[in-house]
Amino acid sequence: MAQALRLAEHGLFTTQPNPRVGCVIAHGEEAVGEGWHQRAGEPHAEVFALRAAGERARGATAYVTLEPCAHHGRTPPCADALIAAGVSRVVIATEDPFPQVAGRGIGKLRDAGVMVESGLMRETGRELNIGFFSRIERGRPWVRVKLAMSLDGRTALADGTSKWITGEAARADVQRWRARSSVILTGSGTALADNPHLTVRLPDGEAFTPPLRVVLDRQLSTPTANHVFDSDALTLVLHADDANVPKHADNIRYASVTEKNGQLDLAAVLHLLAERGCNEVHVEAGATLCGALVAAGLADELLIYVAPLLLGHRGRPLLRLPALNDMSERWNLQLFDQRMLGTDIRLRLRPAPAARN
């Protein structure tokens, strides 16, 4: 199963909106076939593994990181393929919550006399597809907020200058987080002040599915000449109902979102993105939007790069959060992962189970 999970990671940048899945066909400790899902619309992991195994799949055990599908989508059911190949046992890391699968793959295999076991390395399997599970189970994508700061918690000088707080290794790492995401999201303030491209830049030859760029812009104040509207990727602009919407361009789409307290309703934004099949949302925005996501309980993970420098008390803050009257109101976080990237430290933090106790 560990090898199947490693195989699934090969599709980390390419399977959107589908989950990343790996499969190993084995007789005892001998692997006779391996495969992973490479792109949406193409064969699933089980099909590649069965092709590699050939006749040796008969009587073998299939280790699959996600419950085999049991329905006809863009490809035939993988449960049927495993049955037809004569696999005698299937070990699954985690069940598939997608309504058209959700236990039906396991049921079809068992009805055909195939032994099925589930739960081996379950947490690792869920982590690999954390956005997919979030979209199906919660009705919204997994939201990862990326921030870069100095040791004194500043993201820019008072005038907004921020290039570059972190070093090359950290900036290259950010590109990989962008690449695995369905969406790169920002606000109109960042789009206007920084004029970012919000595209993915990976080493030559490394495949990825370009993420959808999303700009939250209530009154459509961002000029279409800005880099975020460059034609090498699609951009979705979310705006208020009363905004004056221009004619759609080939690479720009517009959609209205309900408002809450005079701002776009962030929960509604995430619901709309889930309906578009978006699994992971990578946020690169200013302190106001990032703070609003945290305050609303919609930031599932903070990805923070800490540079060994100081910017002074007049620098811009990491997050704009509501004032607290008591320490019991604080936002508690759990450190999920940390590592050095050149001279910078990358922290991955998630809300603690009792996040504000």
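**Close-up views of the predicted model**

**View 1. Surroundings of leucine 82.** Once its neighbours within four places in sequence are set aside, leucine 82 is in contact (heavy atoms within 4.5 Å) with Glu46, Leu50, Ala62, Pro68, Val87, Val90 and Leu109. The structure is a predicted model, in which local features need pLDDT of at least 70 and side-chain atom pairs count only at pLDDT 80 or more, while totals for chains, interfaces and linings use all residues. Residues are numbered from 1 along each chain as its sequence is written, and side-chain values use heavy atoms, with hydrogens and water left out. Leucine 82 belongs to helix H3, residues 78–84 (helices are DSSP runs of H or I with at least four residues, strands are runs of E with at least two, and both are numbered from the N terminus). Leucine 82 is buried, its relative accessible area being 0% (buried means under 20% relative accessible area, with a 1.4 Å probe and protein chains only).

**View 2. The buried face of helix H2.** In helix H2, residues 45–53, the buried residues are Ala45, Glu46, Ala49, Leu50 and Ala53. Viewed down the axis of H2, these residues fall within an arc of 125 degrees (taken from the directions from the helix axis to the C-beta atoms), so they line one face of the helix. Their cover includes strands S1 (22–27), S2 (30–36) and S3 (61–64), together with H3.

**View 3. Aspartate 265 in its loop.** Aspartate 265 lies in the loop between strand S13 (263–264) and helix H9 (266–275). Not counting residues up to four places away in sequence, aspartate 265 touches Val257, Thr258, Glu259 and Lys260.

Technical notes: Buried means under 20% relative accessible area, exposed over 50%, partly exposed in between (1.4 Å probe, protein chains only).
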